[in-house]
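I opened my notebook to follow one protein from its helices to its core.

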Amino acid sequence: MRGGDREAEFREYLIADRTRLMRTAMLLTAGDVHTAEDLVQTACTRVYVHWHRIRHEGAGPYAHRILVNAFLDERRWAGRHPEVVTAETFEPRLSEEPDQVDTLAVRRALLDLAPRQRAVLVLRYFEDLDVATCARILECTEGTVKSQTAKALKRLKDLMAEEPDPATDPATGSS
């Protein structure tokens, strides 16, 4: 295949899948736009490098696997080089409207999940992928996906129950 055709195919793929990759990255990073963009860039670069091999097999799952692995690698690196991540990373852009308050609560709770648990929830419930596809992306067994999903949902439920109500919480200065 000529280089121009390869470029055109890759551009078409990128136009079709970049928004989905960015949404996944935003969910994985709990709204950290800069890290999400870095993850998408990493995934797109690696897809491009291997385009000759993967274009017929389906670049989407490959790109998502790279994205999730890059996120998990980033979290492992961050664990060795701690950085304080606060809710202010993404909160100032949001108002206190009810649906945005819920969004903030979910983002805070996602930040407190282990990276692999966050990845499982994003893939299963936000990307609506089945267990087998998640297992392929995360490079683990279907049983691991199921157990991580159950643990993550329980943890998320517990974290959401702990989340103070901004309308009645004295720390927010409301009410």
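Which residues of H8 are buried? I found Val145, Gln148, Thr149, Ala152, Leu156 and Leu159. Buried means under 20% relative accessible area, exposed means over 50%, and partly exposed is in between, with a 1.4 Å probe and protein chains only. I noted that the arc is that of the directions from the helix axis to the C-beta atoms. On the other side of H8, I found Lys146, Lys154, Lys157 and Ala161 exposed.

**Entry: ground rules.** I am reading a predicted model, where local features need pLDDT of at least 70, side-chain atom pairs count only at pLDDT 80 or more, and totals for chains, interfaces and linings use all residues. Residues are numbered from 1 along each chain as its sequence is written, and side-chain values use heavy atoms, with hydrogens and water left out.

**Entry: overview.** I listed eight helices and zero strands. Helices (H or I, at least four residues) and strands (E, at least two) are DSSP runs, numbered from the N terminus. The protein has 175 residues, and 37% of them count as buried. I also looked up contacts, meaning heavy atoms within 4.5 Å. Among contacts between residues at least 6 apart in sequence, 61% join residues at least 24 apart.

**Entry: helix lengths.** I checked H8 (residues 142–162) first. Its 21 residues should span 30 Å at 1.5 Å a residue, and its end C-alpha atoms are 30 Å apart, which agrees. The expected span is 1.5 Å times one less than the number of residues. H2 has 17 residues and reaches 24 Å from first C-alpha to last, close to the 24 Å expected.

**Entry: the sides of H2.** In H2, I found Ala36, Leu39, Val40, Ala43, Cys44 and Val47 buried. They cover an arc of only 130° around the axis, which puts them on the same side of H2. His34, Asp38 and Gln41 are exposed on the other side of H2.

**Entry: cores.** A nonpolar core is a set of buried Ala, Val, Leu, Ile, Met, Phe, Trp, Tyr and Cys residues joined through side-chain atoms within 4.5 Å. The largest one has 35 residues, and Tyr13, Val47, Leu67, Val68 and Leu138 have the most contacts inside it. Its largest share, nine residues, comes from H4. Apart from this core lies another, of eight residues, among them Leu113, Leu121, Ala152 and Leu156. I then followed Tyr13: not counting residues up to four places away in sequence, Tyr13 touches Leu21, Val47, Trp51, Ala59, Gly60 and Ala63.

**Entry: aromatic rings.** I found four aromatic pairs. Rings of Phe, Tyr and Trp (its six-membered ring) pair if their centres lie within 6.5 Å; planes under 30 degrees apart count as stacked, over 60 as edge-to-face and the rest as tilted. Phe10 and Tyr13 have ring centres 6.3 Å apart and planes at 45°, so this pair is tilted. Phe10 and Trp51 have ring centres 5.6 Å apart and planes at 80°, so this pair is edge-to-face. Phe10 lies in H1 and Trp51 in H3, so the pair ties together parts that are 41 residues apart in sequence. Phe10 and Trp51 are both buried. Phe10, Tyr13, Tyr48 and Trp51 form one aromatic cluster.
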